[in-house]
Amino acid sequence: MQRLTLSLLLVVISAVVGLGWGIDRWYSARFATEDPAFSAYKTLGAALAYSLDQLRGDLHSGLASIPLQPQLTDEKNFPLPGDVKAKFIAGEPLLLESGNQLTLHFYLPVHQQVLSLTLPEELHQDAQHSLRWLLTLLFYGGVILVVLIWLYPLLRRLSLLRKTAQAFGAGDLTLRIEPDAGSYIHSIELEFNRMAQRIEQLIADNKLLSRGLSHDLRTPLARLRFGLEVLQEDELTDAQQNNIAHLNRDLTAMEALVEALLNYARLEQANIAFERRPMVLADLLVQLHGDVYGDQVTLRLATEARAVAVDLDPDYTAMLVHNLLQNALHYGRGVVHLGLAVEGGYLRLDVEDNGSGIAPHEREKVLKPFYRSEQGSSYRGHGLGLAIVARIVEWHRARLVLAESAALGGLCASIYFPVSVHVSVHASGSLQDGANINLTK
């Protein structure tokens, strides 16, 4: 970055100084010969000044017939720098610009007066206005051109870095940038390659861990389960039976934790099979009603939501709905609503419960893996349900909002899916507006 900063500073200074010097040289060469109109006014003014200086008596009477707004000023009241004053006293006319006016000044040595003539406004505009704009545009245009020439290789390397980062984020973990020693961002390119290498190694380790968990943990857990079942066949005392029951519950919790870890580890892999296609979410929810839950959940489908399609991956969408409903059933107090409605350009999926909800300051934290809210029921999960939901929502380019349920008072988890197309068929045509559907387990 130090190289980039110094290079930019050098280019800007060189452009400003170089163009300023070049335009000044051009101006001097272009206007080395004086405009004939100025020469004529100088000759006329010099002759007039000489004639006035020869007059005796009141000089103002000789100015009445001159149309150039002549004025006489005492030489003492006409201050000038020393070198300019010396040339002026020696007889050289002085041209001054003040605002939108050009004035010619001549020294009258006999009367020690200064004769000032105001030149026509057209002469000043023709000589200065267009030229001023031309030189200004030339200067700034030149600076911009020099900076753009300097920026081109930088923008080209940044574009390459952006494309590589996009492809890397899409799952091609083998991509790297071929470093260019002459690039302004050479150090950033090297750091990107090192970062990509570390990420690729982390993903590989994650896959290895998933496979290890799948084999090394599931197998001994299955053996423990088999051993407990064998023990239960023996004649045991009530105390021993209770101990085995406790062990079974702990073993079930361990199996659930391992399964949750494996599910989340699979979601973290960059090369998952995730394929979205337009589908009616209402149809998917109605299908889940006959396959997953009992009379614990109330489903409400808005009429307009039954004819809206969104881009979804059906398998991961089912996992998303399942995790939201499981979370609501575990932390609620027995009442769960699943709703679908259209809001603006989005299809809104709502899961509400009548539990204690999640405090506003915790709503971002619960989306992180292994974080468990301080509020809630006596049920203590693994802290992965909402983390999995957040990841699936991100893949669908949707938006997840956690808020308080206005109807039930607990948590309301809303997911906004961008609407892709409208379809003419209705999801589950036998449903009536506002009908409640119980999802069977």
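## How the helices pack

Helix axes here are lines fitted to C-alpha atoms over the stretch in contact, and angles run from 0 to 180 degrees between N-to-C directions. Helices (H or I, at least four residues) and strands (E, at least two) are DSSP runs, numbered from the N terminus. With that in hand, take α8 (residues 314-331) and α9 (residues 385-395): their axes come within 9 Å and cross at roughly 145 degrees. The crossing is left-handed, a label used if the near helix is turned anticlockwise from the far one by less than a right angle.

Who does the touching, with contact taken as heavy atoms within 4.5 Å? On the α8 side there are Tyr-316, Met-319, Leu-320, Asn-323, Leu-324 and Asn-327, and α9 brings Gly-385, Leu-386, Ile-388, Val-389, Ile-392, Val-393 and Trp-395. That set splits into 10 nonpolar, three polar and no charged residues. For the classes, Ala, Val, Leu, Ile, Met, Phe, Trp, Tyr, Cys and Pro count as nonpolar, Asp, Glu, Lys and Arg as charged, and the others, Gly among them, as polar.

## The model and the whole chain

This is a predicted model, where local features need pLDDT of at least 70, side-chain atom pairs count only at pLDDT 80 or more, and totals for chains, interfaces and linings use all residues. Residues are numbered from 1 along each chain as its sequence is written, and side-chain values use heavy atoms, with hydrogens and water left out.

The chain has nine helices and 12 strands. Of its 441 residues, 36% are buried, meaning under 20% relative accessible area, with exposed over 50% and partly exposed in between (1.4 Å probe, protein chains only). Take the contacts between residues at least 6 apart in sequence, and 67% of them join residues at least 24 apart.

## α9 and what follows

Back to α9, which is mostly covered, with eight of its 11 residues buried. These are Leu-386, Ala-387, Ile-388, Val-389, Ala-390, Ile-392, Val-393 and Trp-395.

Just after α9 comes Arg-397, in the loop between α9 and β10 (399-404). Arg-397 counts as exposed, at 61% relative accessibility.

## One cavity

The structure holds one cavity of 30 Å³ or more. On a 1 Å grid over the protein atoms alone, a cavity is a set of points where a 1.4 Å probe fits but cannot get out, and lining residues have an atom within 4 Å of a point. Grid points are joined across faces, edges and corners, and a volume is the space filled by probe spheres set on the points. The volume of the largest cavity is about 50 Å³.

Its lining consists of Leu-324, Asn-327, Ala-328, Val-351, Glu-352, Asp-353, Leu-386, Leu-411 and Ala-413. Two or more of these residues come from each of α8, β9 (346-353) and β11 (411-422). By class, the lining has six nonpolar, one polar and two charged residues.

## Two more residues to look at

Arg-157 sits in helix α4 (residues 121-169) and counts as buried, at 9% relative accessibility. Leaving aside residues up to four places away in sequence, Arg-157 touches Ile-177, Glu-178, Pro-179, Asp-180, Ser-183, Ile-185 and Glu-189.

Gln-112 lies in the loop between β3 (101-108) and β4 (113-118). Though not a glycine, Gln-112 has a positive phi of about 50 degrees. With a relative accessible area of 44%, Gln-112 is partly exposed.

Definitions and conventions
Contact = heavy atoms within 4.5 Å. 1 Å grid on protein atoms, 1.4 Å probe; cavity = no way out; pocket = protein on both sides within 12 Å on 5 of 7 lines; lining within 4 Å.
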